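I opened the model to look up a helix, a sheet and a helix pair. My notes follow.

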Amino acid sequence: MSNYVADLMAQVKAKNPAESEFHQAVQEVVESLAVVMEKHPEYRKAKILERIIEPERVIMFRVPWMDEKGEVHVNRGFRIEMNSAIGPYKGGLRFHPTVNLGILKFLAFEQVFKNSLTTLPMGGGKGGSDFDPKGKSDNEVMRFCQSFMSELFRHIGANTDVPAGDIGVGGREIGFLFGQYKKLRNEFVGVLTGKGLNWGGSLIRPEATGYGAVYFAANMLGTRGETLEGKTCLVSGSGNVAQYTVEKILQLGGKPVTLSDSGGYVYDPEGITTEKLAFVMDLKNVRRGRITEYTDKFKSATYTPVDASKDFNPLWNHKADCAFPSATQNEINANDAENLLKNGVYVVSEGANMPSTPDAVEKFVAKKILYGPGKAANAGGVAVSGLEMSQNSLRLGWSREEVDERLMGIMKSIHTTCVQASEKYGTPGNYVNGANIGGFLKVANTMMDHGIV
C-alpha cells in the first residue's frame with residue numbers, strides 16, 4: 001500500500017507543480033486513507049481518490065479596478081469547484097496577497113472532507129484573489145468586490161456554488177459582493193453566506209468557527225473527564241476566528257493569554273478578559289488597527305514583533321494547557337510543536353486551515369495529545385453557513401440559542417465520527433486519521449452511487 005501512496009503522490013506532484021500546500025494537504029489525507037483503500041479495493045478500481053484530488057472545475061479571471069487616485073489595478077480572481085458529490089460547492093473567498101492557485105486548491109480539497117463531516121449536504125470549493133483589502137478605503141474595496149463579482153456571478157448560485165468569507169473577506173466584503181450579484185442576476189437568493197442579519201444572514205455565523213474550535217476542544221477533553229475550566233490557552237491571530245475563540249474560552253472558564261497579527265503577538269499573563277476582548281474587537285473590526293496597540297491600553301501585556309530570522313514562533317513558547325492556532329496555514333512548525341509540548345500543552349484545536357506543518361502534526365500524534373485537525377475542529381464555520389443556507393431556503397431565521405445549540409450538536413457529531421472512524425480502522429485516539437477517513441467515506445460512497453462522472 002505504501003507503493004500506492006508513493007505512486008499517487010508522484011502523480012499529484014507531476015500534474016500540479018509548484019503547489020506545495022496542495023501537495024501537503026493531499027499527502028496527509030492519502031496516508032490516512034491507505035488502510036481504507038486496502039480494505040475497499042472498489043474505491044481504487046473506481047479511482048475515487050484520484051477523482052477527489054482533481055478539481056471538477058477551476059475558474060481563473062482578471063479583476064480590474066480603480067483606486068481613489070484614479071490609478072487602475074489588475075488582480076487575479078479564482079474559484080476552485082472541487083467536489084459536488086454530496087451538495088453544492090461550499091467554501092470561502094480569501095482576499096490576501098499570498099493567494100495563488102496552489103493555496104486555494106489545498107483549501108478546496110480540505111473543504112470537501114470538512115463539509116462532509118458536518119453532516120450537512122455540502123460539496124467543497126474555495127476561491128479568492130491576491131487583492132489586499134488592508135489599507136484600502138471602503139470605496140476601493142467596494143469597486144474591487146463589484147469587479148470580482150461581475151465575473152464570478154456566472155459560476156455561482158444557491159443550488160450550484162455558495163461562497164462565504166475567509167481571510168480578508170468579512171461582513172463588509174460579503175455585502176458588496178451580494179449587492180453586485182443581486183443587481184446582475186435580478187434575484188434575491190441565498191447565494192453567499194456570512195450575510196448581514198437584515199438581509200438573510202444567520203445569528204452565530206461570525207462566531208461559528210471560533211466557537212466550534214472551542215467546542216471541539218471541550219469534546220476532546222471530555223474523553224478524559226476534563227473541561228476547559230481553569231485551562232490556560234494560547235490563541236494566534238486576532239481576526240474573526242481568534243476573537244470568538246477567545247470569547248468562547250472565557251465563557252467555558254478558560255484563560256486566553258495571547259493574540260497576534262502579521263506584525264507580532266501580545267502576551268497577557270493576567271488573561272484576556274471580556275473587557276480586553278471588546279477592545280480588540282473594536283481595534284480590529286472598526287478601527288482596523290494593529291495588535292501592538294493592546295499593550296498601550298493594557299500594561300499587563302507585552303508585545304513581541306515578528307522576527308523572521310527565528311526558526312520558531314515565541315507565541316507558542318509559553319506555559320499553557322491548550323493551543324488554538326487561528327491565523328493561517330503552517331504557522332506551527334516542528335520547533336513550535338516541541339515548545340508547546342515542553343510547556344505542558346496537551347490540547348491543540350485548529351481554528352485555522354492546516355496551521356501545523358506535517359512535522360508538527362507528527363509530533364502531536366506521537367505524543368498522543370488531544371490534537372484536533374482543522375478539517376474537524378474548525379468545521380463550525382461552514383456548518384453554520386450550511387444552517388444559513390437552510391434558513392434562506394425556508395425564508396426564516398432561527399434564534400441565537402437555536403443556532404448555537406445546533407452548532408454544539410454538529411461539533412459533537414463531528415467529534416464522534418472522528419473517534420469512531422479512528423477506532424474502526426485501527427488507530428484509536430488519532431483524530432487526524434479519524435477526520436480524514438470519516439470525511440472521505442461519505443463522499444466516496446456517494447461518488448460510487450453516481451457512477452463515473
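I checked burial in α10 first. K276, L277, F279, V280, M281, L283 and K284 are buried there (under 20% relative accessible area with a 1.4 Å probe, protein chains only). This is a predicted model, where local features need pLDDT of at least 70, side-chain atom pairs count only at pLDDT 80 or more, and totals for chains, interfaces and linings use all residues. Residues are numbered from 1 along each chain as its sequence is written, and side-chain values use heavy atoms, without hydrogens and water.

I then looked for the cover. α9 (240-251), β8 (258-261) and α11 (293-297) are among what covers the buried residues of α10. Helices here are DSSP runs of H or I with at least four residues, and strands are runs of E with at least two, numbered from the N terminus.

I noted that α10 spans residues 274-286. After α10 comes R288, with a positive phi near 55°.

Next I traced the sheet. It is open and antiparallel, in the order β8-β9-β10. β8 and β10 (302-305) are its edge strands, each pairing on one side only. Pairing takes at least two DSSP bridges between two strands. I found four bridges between β8 and β9 (residues 264-267). S260 has Y265 in β9 as its bridge partner.

Last, I asked how α6 (residues 138-152) and α7 (residues 171-185) cross. Their axes, lines fitted to C-alpha atoms over the stretch in contact, come within 8 Å and cross at roughly 45°. The contact (heavy atoms within 4.5 Å) includes M142 and F148 of α6 and F176 and Y181 of α7.

Terms used. Expected span 1.5 Å × (residues − 1). Buried < 20%, exposed > 50% of the residue type's maximum accessible area, 1.4 Å probe, protein only. Axes fitted to C-alpha atoms, helices over the stretch in contact; angles between N-to-C directions.
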